[in-house]
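Thanks for asking me to look over this model with you. Here are my notes, point by point.

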Amino acid sequence: MRRYGKNTDEDDIRQRPNRKGNRPRTNIRPKHEEAVDGMVVTVDRGRLTCLVEDRLVMAMKARELGRKAAVVGDHVAIVGDLSGEKDTLARIVRIEPRSSVLRRTADDDDPYERVVVANADQLAIVTALADPEPRPRLIDRCLVAAYDAGLEPLLVLTKSDLAPPDELLELYGALGVPYVVTSREELESGAAVDRVRKQLDGKITAFVGHSGVGKTTLVNALVSQERRRSTGHVNAVTGRGRHTTTSARAIPLPGSEGWVIDTPGVRSFGLHHVDPSRVIHAFPDLEPGTEGCPRACSHDEPDCALDQWVADGHADPQRLYSLRRLLATRERTEGD
């Protein structure tokens with residue numbers, strides 16, 4: 001049965017109304033030319049606190065960004081209410097290209113990458129010399145992640161009043177990693193703070209370390225009173241600390257152009273995302289020697305050209321040992 005006559009026109013055709021009343025989808029996205037620049041300083045359950053000029057603005061991610069997530073340290077473009085007043089909410093419409101990305105996985109078998117921070121210049125690896133005992137394998141993993149991300153590593157050894165740093169410093173001496181040794185008394189007096197601050201000036205530094213090493217205590221000593229966080233203690237039975245930092249937070253370093261990014265304590269630092277071939281770039285004295293290596297060389301096999309490179313005096317044997325130790329760290333658990 002014909003619904004319309006022979007001579008129908010477009011006015012005779014019934015059209016089903018759009019019940020949702022939304023506009024048709026399009027691949028054309030708004031340019032948001034009026035958006036202003038901001039920096040993400042905290043992320044909490046979908047809400048992002050951003051520094052816009054001299055005020056903190058609460059924002060959420062625009063739907064048009066899809067699954068792309070902003071993290072602490074990201075430079076973003078924001079529109080909406082930028083007053084920073086209570087109960088206001090702006091919108092992040094663009095995440096700018098990142099200069100660096102520090103990633104980790106839950107373990108070496110987990111393919112899901114977790115972005116720790118973006119746009120950092122330096123990674124401060126905080127380790128206690130005692131209470132809890134140092135974990136060299138975790139330090140190695142953090143170093144590999146730093147080299148892979150293109151960050152400068154900094155070794156911060158705390159609680160030197162409980163144990164000497166000599167053995168640990170000897171282990172990492174060949175890597176040439178800058179370090180700072182602190183004690184509880186020096187933190188209270190401010191002497192250690194000045195030494196650490198010299199390493200942070202003008203840089204964006206992410207602090208990592210497992211719980212109980214004094215990371216948050218050190219950050220508290222570096223920043224102003226109103227930005228401080230609570231500190232925890234080490235469990236006398238397990239030897240592990242209690243998490244006092246639950247989310248990453250960027251804090252400006254008073255009297256400096258630098259920033260400190262305090263991150264939650266980690267119990268593991270998976271390296272599933274790291275391509276071992278990139279680690280060699282952190283060893284400029286060894287990298288030229290790889291030209292004679294066989295294809296897909298692991299740099300720890302009989303035909304590796306680095307052995308002859310070192311034997312010919314082009315690099316210190318301890319540097320090669322350190323490289324191989326770092327490359328092998330993915331094959332060992334962090335408690336080894």
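1. Is tyrosine 112 buried or exposed? Tyrosine 112 counts as exposed, because its relative accessibility is 53%; the cut-offs are under 20% relative accessible area for buried, over 50% for exposed and partly exposed in between, with a 1.4 Å probe and protein chains only. The residue sits in the loop between β6 (101-104) and β7 (114-118). Leaving out residues up to four places away in sequence, tyrosine 112 touches Arg104 and Thr105, where a contact means heavy atoms within 4.5 Å.

2. A word on the ground rules. This is a predicted model, in which local features need pLDDT of at least 70 and side-chain atom pairs count only at pLDDT 80 or more, while totals for chains, interfaces and linings use all residues. Residues are numbered from 1 along each chain as its sequence is written, and side-chain values use heavy atoms, with hydrogens and water left out.

3. Now to confidence. pLDDT is the predictor's confidence in each residue, from 0 to 100. The protein chain has a mean pLDDT of 84, and 82% of its residues reach 70 or more. Please take care with residues 226-244, where pLDDT stays under 50 and the model has 45 contacts beyond four places in sequence. Where pLDDT is low, the predicted coordinates should not be read in detail.

4. For the overall picture, the protein chain has 8 helices and 13 strands; these are DSSP runs numbered from the N terminus, with helices (H or I) of at least four residues and strands (E) of at least two. Of its 336 residues, 45% count as buried. Among contacts between residues at least 6 apart in sequence, 64% join residues at least 24 apart.

5. Strand β5 (residues 90-95) has two partners worth a look. Strand β3 (residues 55-61) runs parallel to β5, with 3 bridges, and methionine 60 has arginine 91 as its bridge partner. Strand β4 (residues 75-80) pairs with β5 in the antiparallel sense over 5 bridges, with alanine 77 opposite arginine 94. Pairing here requires at least two DSSP bridges between the strands.

6. Which residues of helix α5 are buried? They are Lys215, Thr216, Leu218, Val219, Asn220 and Leu222, that is, 6 of the 8 residues in this mostly covered helix (residues 215-222).

7. The structure holds 1 aromatic pair. Tyrosine 147 and phenylalanine 283 have ring centres 6.1 Å apart and planes at 65°, so the pair is edge-to-face; rings of Phe, Tyr and Trp (its six-membered ring) pair if their centres lie within 6.5 Å, with planes under 30 degrees apart stacked, over 60 edge-to-face and the rest tilted. Tyrosine 147 lies in helix α1 (residues 136-149) and phenylalanine 283 in the loop between α6 (276-279) and α7 (306-311), so the pair ties together parts that are 136 residues apart in sequence. Both residues are buried.

8. Finally, some backbone details to check. A cis peptide bond, with omega about 5°, joins aspartate 131 and proline 132; proline 132 is in the loop between β8 (122-128) and α1. Aspartate 87 is not a glycine, yet has a positive phi of about 65°; this residue lies in the loop between β4 and β5.
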